[in-house]
Every structure is written in C-alpha cells, then in structure tokens.
Amino acid sequence: MQQTTIKRQFLVKLDRPFIIAALIIPIVHLAFGYIGLSMTFVNSASAFWPSLGVFLAAMLLIGYRV
C-alpha cells in the first residue's frame, strides 16, 4: 500500500514583492500617522488622516494578502 504525503501549504506566498510591501506599507502608514497627528485640533482630534488613504490604496493595489 502506498502512503500519500500531505504537503503543508502556506496561506500567503512569500515572494519578493510581498515582503517588500509588507515592510514598506507599515512604515509609510506610521509616518503619515505622525503627520496626521501633527495637524490636530483641541484634545488630539484630527480631521485629516492621510495614513488611512495610504493603507486603503495599498489594499486595493496589492490585495488582502498584505
């Protein structure tokens, strides 16, 4: 009787563009977060949040795997 082996598959393919995006997007998101917080109103409320736009654009361009 032959034994079948089951390969473990990762849910995310770890290729070079994925790794680069996974490292750059959080850094850019954090930097724009600090910029958005520097333009706050009274009691640290900010109506301008550029990091959300960067994050949403990355999600639309790259996909949910990031």
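User: Contact means heavy atoms within 4.5 Å. Which residues does Pro50 touch, not counting residues up to four places away in sequence?

Analyst: The model is predicted, and in it Pro50 belongs to helix H2. The C-alpha atoms of Pro50 and Tyr34 are separated by 9.5 Å, although the two residues are 16 residues apart along the chain. Once residues up to four places away in sequence are set aside, Pro50 touches Phe32 and Gly36.

User: Is Pro50 buried or exposed?

Analyst: Buried means under 20% relative accessible area. Pro50 has 16% relative accessibility, so Pro50 counts as buried.

User: At what angle do the axes of helix H1 and helix H2 cross?

Analyst: Helix H1 covers residues 16–38 and helix H2 covers residues 50–62. Their axes come within 7 Å of each other. The crossing angle of these axes is roughly 160°.

User: How is H1 directed relative to H2, roughly parallel or roughly antiparallel?

Analyst: The axes of helix H1 and helix H2 cross at roughly 160°. Angles over 145 degrees count as roughly antiparallel. H1 relative to H2 is therefore roughly antiparallel.

User: Is the crossing of H1 past H2 left-handed or right-handed, and which residues of H2 make the contact?

Analyst: The crossing in which H1 passes H2 is right-handed. From H1, the contact is made by Ala21, Ile25, Val28, His29, Phe32, Gly33 and Gly36. From H2, it is made by Pro50, Ser51, Leu52, Val54, Phe55, Ala58 and Ile62.

User: How do the residues of the contact of H1 with H2 divide into nonpolar, polar and charged?

Analyst: Gly counts as polar here, and Gly33 and Gly36 of H1 are among the residues that make the contact. The division is 10 nonpolar, four polar and no charged.

User: How far does H1 reach from its first C-alpha to its last?

Analyst: H1 has 23 residues, and at 1.5 Å a residue a span of 33 Å is expected. The reach of H1 is close to that, at 34 Å.

User: Against what do the buried residues of H1 pack?

Analyst: In H1, the buried residues are Phe18, Ala21, Ile25, Gly33 and Gly36. The contact between the helices includes Ala21, Ile25, Gly33 and Gly36 of H1. The buried residues of H1 pack against H2.

User: How far does H2 reach from its first C-alpha to its last?

Analyst: H2 has 13 residues, with 18 Å expected at 1.5 Å a residue. The reach of H2 is close to this expected value, at 18 Å.

User: What does the cover of the buried residues of H2 include?

Analyst: In H2, Pro50, Ser51, Ala58 and Met59 are buried. What covers these buried residues includes H1.

User: What is the relative accessible area of Ser51?

Analyst: Ser51 lies in helix H2. Leaving aside neighbours within four places in sequence, Ser51 is in contact with His29, Phe32 and Gly33. The C-alpha atoms of Ser51 and Leu30, 21 residues apart along the chain, are separated by 7.1 Å. Ser51 is buried, and its relative accessible area is 0%.

User: Which residues does Phe48 touch, not counting residues up to four places away in sequence?

Analyst: Phe48 is placed in the loop between H1 and H2. At 44% relative accessibility, Phe48 counts as partly exposed. Phe48 and Gly33 are 15 residues apart in sequence, and their C-alpha atoms are 9.6 Å apart in space. With residues up to four places away in sequence not counted, Phe48 touches Gly36 and Met39.

Notes. Residues numbered from 1 in each chain as written. Predicted model: local features only at pLDDT ≥ 70, side-chain atom pairs only at ≥ 80, totals over all residues. Heavy atoms only, no water. Axes fitted to C-alpha atoms, helices over the stretch in contact; angles between N-to-C directions. Helix = DSSP H or I, 4+ residues; strand = E, 2+ residues; numbered from the N terminus. Parallel < 35°, antiparallel > 145°, perpendicular 65-115°, else oblique. Left-handed = near helix turned anticlockwise from the far one by under 90°. Expected span 1.5 Å × (residues − 1). Buried < 20%, exposed > 50% of the residue type's maximum accessible area, 1.4 Å probe, protein only.
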